[in-house]
Amino acid sequence: MALAKLDVVVLDCPDPRALAGFYAGVLGGTVEENPEDGSWVDLKVPGGPTLAFQQAPGFVPPRWPAPDHSQQFHLDLTVEDLDAAEKGVLELGAKPLDAEDRERTFRVYADPAGHPFCLCAC
């Protein structure tokens with residue numbers, strides 16, 4: 001029996017509004033800002049857990065791949081068409097990290113704040 005249910009995945013970043021906008025462009029959903037100070041923004045994703053973005057003034061992006069530094073986490077995002085999804089995330093501001101091997105079923109990118117994520121046609 002589970003002790004808990006996953007509710008929110010939170011990403012530290014320098015600009016919560018901008019990063020929520022990036023992921024809204026990738027995943028769809030509704031961006032909900034904290035009206036008080038903008039230091040926390042939620043992205044309500046259809047059919048999935050909420051992604052939240054928390055302002056971290058001293059944020060240092062993870063390095064990928066870097067065996068001597070933790071990548072902290074990464075998101076695996078399932079797609080139907082890797083080429084079309086790649087085009088879309090690059091237009092939204094992603095940067096390729098490991099996308100040269102076109103025979104693999106996944107490609108690795110960094111979001112605008114530097115967090116790694118994979119597009120997977122698995």
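**A buried arginine, a helix and a sheet**

Arg 107 sits in strand β7 (residues 106-110); strands here are DSSP E runs of at least two residues and helices are H or I runs of at least four, both numbered from the N terminus. The model is a predicted one, with local features needing pLDDT of at least 70 and side-chain atom pairs counting only at pLDDT 80 or more, while totals for chains, interfaces and linings use all residues. Residues are numbered from 1 along each chain as its sequence is written, and side-chain values use heavy atoms, with hydrogens and water left out.

Arg 107 counts as buried because its relative accessibility is 3% (buried is under 20% relative accessible area, exposed over 50%, partly exposed in between, with a 1.4 Å probe and protein chains only). Its side chain makes a polar contact with that of Asp 83, at 3.0 Å; such a contact is a pair of N or O atoms within 3.5 Å, where within protein one must be able to donate a hydrogen and the other to accept it, and residues adjacent in sequence count only if both atoms are side-chain atoms. Neighbours within four places in sequence aside, Arg 107 also has contacts (heavy atoms within 4.5 Å) with residues including Glu 86, Asp 98, Arg 102 and Phe 117.

Phe 117 turns up again in the largest nonpolar core, where Leu 19, Tyr 23, Phe 53, Phe 117 and Leu 119 touch the most other members out of 26 residues. A core of this kind is a set of buried Ala, Val, Leu, Ile, Met, Phe, Trp, Tyr and Cys residues joined through side-chain atoms within 4.5 Å. Elements supplying at least two residues each include β1 (8-13), α1 (16-27), β4 (50-55) and β8 (116-120), and α1 gives the most, with five.

As for α1 itself, its 12 residues reach 16 Å from first C-alpha to last, close to the 16 Å expected (1.5 Å times one less than the number of residues). Its buried residues are Pro 16, Leu 19, Ala 20, Phe 22, Tyr 23 and Ala 24. Just past the helix, Gly 28 adopts a positive phi of about 80°.

Then there is the sheet: open, four-stranded, ordered β1-β4-β3-β2 and mixed in its pairing, with β1 and β2 (30-33) as edge strands. Strands pair if DSSP finds at least two bridges between them. Parallel strands β1 and β4 are joined by six bridges, and Leu 11 has Phe 53 of β4 as its bridge partner. Leu 19 touches both Leu 11 and Phe 53.
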